[in-house]
Amino acid sequence: MKKTTFILMAIVSALFLLSWILKAGSLSGETDNYILQGFLVTFSAFLTLSVLSFLYADNPLYKFAEHLFVGVSAAFWMCMGFWTTIVQNLIPRLSDGLSKFFEQQPQPGDYNFFFFIPVILGIMLLMRLSPKGGWISRWPLAFIIGTTAGLNFVRYLRSDFIKQISNTFVPLLGTEWQGIGHFFSNLDLSASGQLVAIAANWVIFLGVFCGLIYFYFSKEHKGAFGAASKVGIWVLMLTFGASFGYTVMGRISLLVGRITFLFRDWLEIIS
Amino acid sequence: MTPTRLHIFRVISISTICVLLLASLALSQDEATPTTNLSTEIDTVIIEVAAPTSLIATDHKYDNGERINLQWVPSIDDLPGISTVVGYRIYRQDDGGAAEAIADLPAKANHYRDENTELGHTYIYSVAALTDGAEFVSNPTESISPEREWIDFSKRYLFLIALIVGGAVIYFIEIARRGKKLFVRKIAGLEAVDDAVGRATEMGRPILFIPGIQDMDDVQTLAGLTILGRISKTIADYDTEIFMPVSRSLVMTAGREIIKSSYQTAGRPDKYSDDMVTYITDEQFGYVAAVDGIMVREKPATIFLLGAFFAESLILAETGNYIGAIQIAGTARPAQLPFFIAACDFTLIGEELFAASAYLSGEPKQLGSLKGQDVGKAIAMVILVIGALATTIGTAWNIASMNSLVDILKTIFSTS
Amino acid sequence: MKRQIPLFITFFVGTLLIFSVFIPPMETWGENFTLFFDIIAVFAFFLGAGNLVRVHVGKLKKRKADWGFSIVTLIGFGFMLFVGLLKIGNPGGIAADVTAPGSWFQEMFNYVINPLQSTMYALLAFFVASASYRAFRAKNREATILLIAAFVILLGRTPLGMLLTAWIPDSLSFFQIPNMAVWIMNSFNLAGQRAILIGISLGVVAMSLRLILGVERTYLGGDDNG
Amino acid sequence: MDNIGVIISLILIFGGLVALFYGSLKGREVDRRIIFLFIFLAVAAPILFPMTFEEKATQVVKSVFDKVENLPEGSTVLLSFDFDPAMAPEVQPMANAISRHCLEKGHKIIFMSLWATGQALLSQSLSESILPGFPEKQNLVDYVSIGYKAGNEGVPNVIITDIQKMFPTDVNSVPLDSIPIFDNIESCKDLDFIVSFGGGKPGPKEWILFVGDPGGVPIGVGVAAVVAPQMYPYLPDQVIGILGGVKGAAEYESELIRVHPKFADMDTPGLLMMGPQTLAHVVIMAFIVIGNVVFFRGRRREKKE
């Protein structure tokens, strides 16, 4: 180990200890196990700062945090899956004894022989972990893929294709056409501001149409078709620009959350 | 029907209704007697309320015979604010057995769906209005058996559209298999690919290829790897360096096979090495950290980001931009497209990624599928125009025929 | 055989689930197969965890680069599994909610998983800023359109947009920046997103069909031994 | 004190930006670590010295609010927490606000989650934010948490026809049969309103595809800003309204306080976050301007050569 690394590690550990002591001290009046609480708050602040250190460069602290996350979160999902789905949905359908052990109350008529199928398929899936039995894991994989394909086929067609078409049946001249003068008289967003509302409808109608032309691959984009596809790409660019502008907010929020944690829960400089 | 006949018809129907009403009144008095007795037996003061009326039970349409719908007119004493009716209780007689309470509903309820019926059984229902301490039962329904329908006709249009779109895909795959050439328009991004490889060669710096962070079961990964096939051929010809860090072991195997075969075709199998494709880690941010490191250290001239990307897209594309590389990206994940468009020099947007892959591979299944999807888009465009025009004319000038056309289209293109 | 059976399974399950939408008597089977799928999904979590352990134990054995960090992963995994499967410190006992407040499992979530994951994503705040600086330049017509749309939305999504354009009278309220932002989201953004949505849905439909009919079988892998 | 802090930090940030702008006029690029520093300052300063702004609910947010407001008392609402810690800063505030609103209006709430992490965050929300304001509300009568189930879109696909098949018990292993809320709820079709809070897969989109459209149940979505733009095509038939990112939460909170003044003292994380948001947005816009200045300076120089 290099000397600088060693010194840095010593400094980090010292700061950690210091924060633990101070934090435990400030919590001592509030909870019984203030030593543990102090450790936990300090530890999570340490993890937060370790991840943020990536902004400077990749470093051992970041690697530590990332490796810890990988391990803990894998176990988290596993436990959640076990307690919520295996214990509550599978076991009462297969075994009375086991459900008693887990203090579940099986309902009459819960027992269902067919629920051995997912158990067998699940075990086959785990065979992937062994170097030789890997091929058998294709059966459950085929089941998973078949299910997703079957479920998605109808739902995507219905919600994202059929319904999107009928959603685009928009009036392009206003609900009650009262001539041009009335149309241009008002530029606000209220119901009487027809121009603005109808302009949006035109944009939606032409935008969807030209966007579809842009994604139409069976015809060369030349002439009128090419022009429409050009409009299509502009609409898409506006869409992506708008999405980007909208998204910035989300990304900033995450940082706000973290900094609030550091300032409030760890350093206690705000309440 | 002639006017006189119509008149006779009216008279008959009105008198029938009157008779029915009278009969039901008579019947309801018979039924109501026990309840009155019941309420007088209790010591506390019972406020009498009218029982619910007009209870009708119907079979639930398009099910496996496990549902019966009930509808009734709530008790006339069930008034907002001052009501003494606290709720309703549903009674059911199963195959002539004793009436059992099967559900309690809040005040003002006027319908219920019994979802626990069995085929072949007959049921008789009644509804009671509940007050504090007493209940007032309605007339029972006729006996009813749930029915099973084999086909859900309410979804016939959905089925039809599924058939058309699905049929088009299968048809064109079959056509492509028989060897017919299917036209796919030129895709602008693909020309940029060759230029970008050329640029890296001129500068004498490596190329970085990132196939997204999903496994081989994602179509986007497959599309990315198809394009890798094309890129690696050019690379093998020019003898440029390529790095391909991946986050799935299966993708690593596939990537190695593709690059190796490209080098063999180019007649330089000796130049190929397994180190070109390396597995890093499955974990999203671990992968990002490592790839970021590679970018900053190796300073590749060209970066390809083709596949399924998530939140890491921004970090990767930004770092690539920072080191001044030419970047060509492509993904079908709409949430990540804005970042790629902003930070990369060229982006294959959504379906373009698949089209590019189909164009390059020439595989019947990909080309045919693309054609089939185009049929779907053509249908969408045509219906879109008809629907929007009809809506416009219909609403602006209130033309009935146009409005009914819109209604028909909306029925066909609706969700249920 | 090794390929035929999986192809048959995919076909059988896929068609069953499609037809269960249109044929009421098959509805129960649609439900049951979806439930099977949900249960297998848990085994997929087990598989993921098993793979993780295998990879890191492998690294440890071979003393590969950064093997020390593999110990961190394994200890983290083992500890979390221990407190989760035994419901350590759970106030309600074995039948209670695994994430009950006060249980060690929930504390680990609050103090380890939560800060780690949210900070990793918080890094994006910095990158989005630097990407905006570097990428939003009016290089050509498309880039300029992108830039203008992003700028209007950026202004319109914060109170600043209102402050800047509050002087515009209500009869011209369209030109107030927040209203313009709302309008762009409801028109251009809606149209563009819908075109993408229709395209993608057709892609999903075609892909599902290819999988069910066994035309697409890349997921089965290249050779029969793998 | 706070005001002085606000002024000092604003002077610091804007002073720095002006300096960088001056640099850009000479064609100097800004290093990305400097940008990182500015973003950190712009976010940290308003957290230390809070600045709050007024928010007015836009139509997409208001339609969700009105739906909750106008449902008759005693309606059953399902709130699904489909997010993880990475989305929580954006989505949890709105989930809390809508939960409070539903309880205040006397609706019965079924809480659930399609993400394992969602159940942990739900448990946190319930114990720390939602329930303390409503000591009179009873578990299993006024609200119930049925928690998480594995299986992504498989979960909504089952509960659209039969909730009990997927969720035999609530989180504490109490059979659904014995829970009063479920007396008249067999499937999702019997619910009056569903709101999904999320931003990934599975999430709001799966609720629309697998429950809203097939079952005709009104759906509202509270989403992370990244996916909010993708929800717009579903307006207004398939989703009735969209709460997008922290601004969506802030708008909902302000509307809630306006209509129900009893919430005036509640914590409003959404509204508080708008301060850092605003400053960070200003900084980002400034950098976009600086970037373009550098770009055009550079191009003009190229032309001269």
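Student: Among contacts in chain B between residues at least 6 apart in sequence, what percentage join residues at least 24 apart?

Tutor: In this predicted model, 67% of those contacts in chain B join residues at least 24 apart in sequence.

Student: What else describes chain B as a whole, and how many helices and strands does it have?

Tutor: Chain B has eleven helices and 13 strands. Of its 416 residues, 43% are buried.

Student: How do I read a sheet, and which strands make up the sheet of four in chain B?

Tutor: The general idea comes before the case. Strands of a sheet pair through backbone hydrogen bonds, and the pairing is either parallel or antiparallel. In chain B, an open sheet of four strands runs in the order β4-β3-β6-β7, with antiparallel pairing. Its edges are β4 (99-106) and β7 (134-137) of chain B, each of which pairs on one side only. Neighbouring strands of this sheet are turned by 30° against each other on average, direction ignored.

Student: How many bridges join β3 to β4 in chain B?

Tutor: Strand β3 of chain B, residues 87-94, is joined to β4(B) by seven bridges, and the two run antiparallel. One pair to look for in the model is Arg92(B) with its bridge partner in β4(B), Glu100(B).

Student: Where is Ala98(B), and is Ala98(B) buried or exposed?

Tutor: Ala98(B) sits in the loop between β3 and β4 of chain B. To classify a residue, count the other C-beta atoms within 10 Å of its own; 12 or fewer makes it exposed. Ala98(B) is exposed because 8 other C-beta atoms lie within 10 Å.

Student: Which strands form the open sheet of three in chain B?

Tutor: The order is β1-β2-β5 of chain B, again with antiparallel pairing. The edge strands here are β1 (53-59) and β5 (111-114) of chain B, each pairing on one side only. The twist averages 15° from one strand to the next. Within this sheet, strand β2 of chain B (residues 68-73) pairs with β5(B) in the antiparallel sense over four bridges. Asn69(B) stands opposite Arg113(B) in β5(B).

Student: In which sense do β12 and β13 of chain B pair?

Tutor: Strand β12 of chain B (residues 326-331) and β13(B) pair in the parallel sense, over four bridges. Thr331(B) has Ile349(B) in β13(B) as its bridge partner. From β12(B) the chain passes through helix α8 of chain B (residues 337-343) to reach β13(B), and this β-α-β crossover is right-handed.

Student: Which way do the residues of β13 of chain B point?

Tutor: In strand β13 of chain B (residues 346-349), Phe346(B) and Leu348(B) point one way, while Thr347(B) and Ile349(B) point the other way. All of these residues are buried.

Student: Now the contacts between chains. How many residues of chain C are in contact with chain A?

Tutor: A contact between chains can be read by residue count, by contributing element and by residue class. Here 114 residues of chain C are in contact with 105 residues of chain A. On the chain C side, α1, α2, α3 (67-85), α4, α5 (141-156) and α7 each supply at least two residues. The largest share, 26 residues, comes from α7(C). By class, this side has 77 nonpolar, 27 polar and ten charged residues.

Student: How many residues do chain C and chain B give to their contact?

Tutor: Chain C gives 34 residues and chain B gives 42 residues. On the side of chain C that touches chain B, the elements giving two or more residues are α1 (4-22), α2 (27-62), α4 (104-135) and α7 (177-212) of chain C. The largest share of that side, twelve residues, comes from α7(C). The residues of that side divide into 24 nonpolar, six polar and four charged.

Student: What does the domain assignment of chain D give?

Tutor: The assignment gives domain 1 (2-51 + 270-304) and domain 2 (59-267) of chain D. The C-alpha centres of these two domains of chain D lie 38 Å apart. Their contact takes five residues from domain 1 and eight residues from domain 2 of chain D. The domain 1 side of that contact has three nonpolar, two polar and no charged residues.

Terms used
Residues numbered from 1 in each chain as written. Chains lettered and ligands numbered in written order. Predicted model: local features only at pLDDT ≥ 70, side-chain atom pairs only at ≥ 80, totals over all residues. Contact = placed C-beta atoms within 7 Å. Nonpolar A, V, L, I, M, F, W, Y, C, P; charged D, E, K, R; others polar. Domains from an automatic or database assignment. Pairing = 2+ DSSP bridges. Axes fitted to C-alpha atoms, helices over the stretch in contact; angles between N-to-C directions. Buried ≥ 20, exposed ≤ 12 C-beta atoms within 10 Å, placed from the backbone. Right-handed = clockwise from strand over helix to strand, strands pointing away.
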